[in-house]
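Take a look at the structure below. Keep the sequence at hand while you read.

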Amino acid sequence: LVVATPLGNLGDLTDRIKKELAACDLIACEDTRVTIGLLKHIGISKPMIAYHEHNEKEVAVELADKISTGQVVALITDAGTPGISDPGFRVTRECRRRKLNVTPLPGPCAIIALLSASGLPTNAFRFVGFLPAKSAARRRFLEQSLQSDETIVLHESCHRISDFAEEMLEILGPSRVVCVGRELTKLHETIRTAPLGELVPLLKAGSMKGEFTVAIAPVDFIL
């Protein structure tokens with residue numbers, strides 16, 4: 001089971017997911033401490049195994065072995081949909097290689113949540129995950145995206161969002177439309193869509209804490 005979990009608002013947990021988590025044999029999770037809190041919220045207790053970026057390659061095989069014996073394993077991350085810029089790809093690939101059944105239990109996904117509220121075109125978009133930590137690499141990416149004819153969606157760290165906003169303004173220009181979402185579905189959620197010339201001052205005047213998702217509009221888009 002590939003199980004999407006809330007980005008922050010626990011009310012987004014579906015009845016189907018609650019039922020399947022209660023019935024599964026094992027939960028593979030990014031951080032057991034986070035998952036314990038989620039399970040307490042729905043009143044269940046389950047065996048857990050850590051499955052994260054540092055052990056994903058080895059544990060994927062172990063999980064597929066368990067599934068091949070008939071165990072039902074639920075794969076979750078700390079927030080959102082497994083495999084979408086979070087661990088998940090290797091275990092689902094291993095299961096597909098062995099012709100084991102993989103069932104998605106859809107739910108929250110930060111990039112889809114932002115796109116749905118952004119006002120930007122969604123007929124074609126490209127998700128690029130997290131950009132490199134070094135400014136030079138981010139600048140190269142932005143230069144390559146100057147003439148993009150599709151919406152580009154990415155995650156950015158709270159530690160780099162201010163610098164990245166300035167880089168976008170400098171390279172893409174003040175008229176390029178961008179949407180920035182912070183703390184999606186949480187108490188202090190903010191979603192702003194505007195040309196960069198307006199957006200960057202607003203962004204820098206607000207809180208830089210939390211999780212950020214960014215959508216860059218196609219080059220010719222006008223808000």
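What follows is a short walk through a pair of helices and two residues.

This is a predicted model. Start with the two helices. Two packed helices are described by the angle between their axes and the distance between the axes. Helix α3 spans residues 56–68, and helix α4 spans residues 89–97. Their axes come within 8 Å and cross at roughly 40°. Angles under 35 degrees count as roughly parallel, and 65 to 115 as roughly perpendicular. α3 and α4 are therefore oblique to each other. Their crossing is right-handed.

Now look at the residues that meet. From α3 come Glu56, Lys57, Ala60, Val61, Leu63, Ala64 and Ile67. From α4 come Phe89, Arg90, Val91, Glu94 and Cys95. By class, this contact has 8 nonpolar and 4 charged residues, with no polar ones.

Pick out Glu56, which is found in helix α3. Is Glu56 buried or exposed? Its relative accessibility is 7%, so Glu56 counts as buried. The side chain of Glu56 makes a polar contact of 3.0 Å with the side chain of Tyr51. Leaving out residues up to four places away in sequence, Glu56 touches Tyr51, Pro87, Gly88, Phe89 and Arg90.

Next, step back to His52. His52 sits in the loop between β3 (48–50) and α3. At 22% relative accessibility, His52 counts as partly exposed. With residues up to four places away in sequence set aside, His52 touches Glu30 and Pro87. Ala28 is 24 residues from His52 in sequence, yet their C-alpha atoms are 9.0 Å apart in space.

Key
Residues numbered from 1 in each chain as written. Predicted model: local features only at pLDDT ≥ 70, side-chain atom pairs only at ≥ 80, totals over all residues. Heavy atoms only, no water. Axes fitted to C-alpha atoms, helices over the stretch in contact; angles between N-to-C directions. Helix = DSSP H or I, 4+ residues; strand = E, 2+ residues; numbered from the N terminus. Parallel < 35°, antiparallel > 145°, perpendicular 65-115°, else oblique. Left-handed = near helix turned anticlockwise from the far one by under 90°. Contact = heavy atoms within 4.5 Å. Nonpolar A, V, L, I, M, F, W, Y, C, P; charged D, E, K, R; others polar. Buried < 20%, exposed > 50% of the residue type's maximum accessible area, 1.4 Å probe, protein only. Polar contact = N/O pair within 3.5 Å; in protein donor to acceptor, adjacent residues only side chain to side chain.
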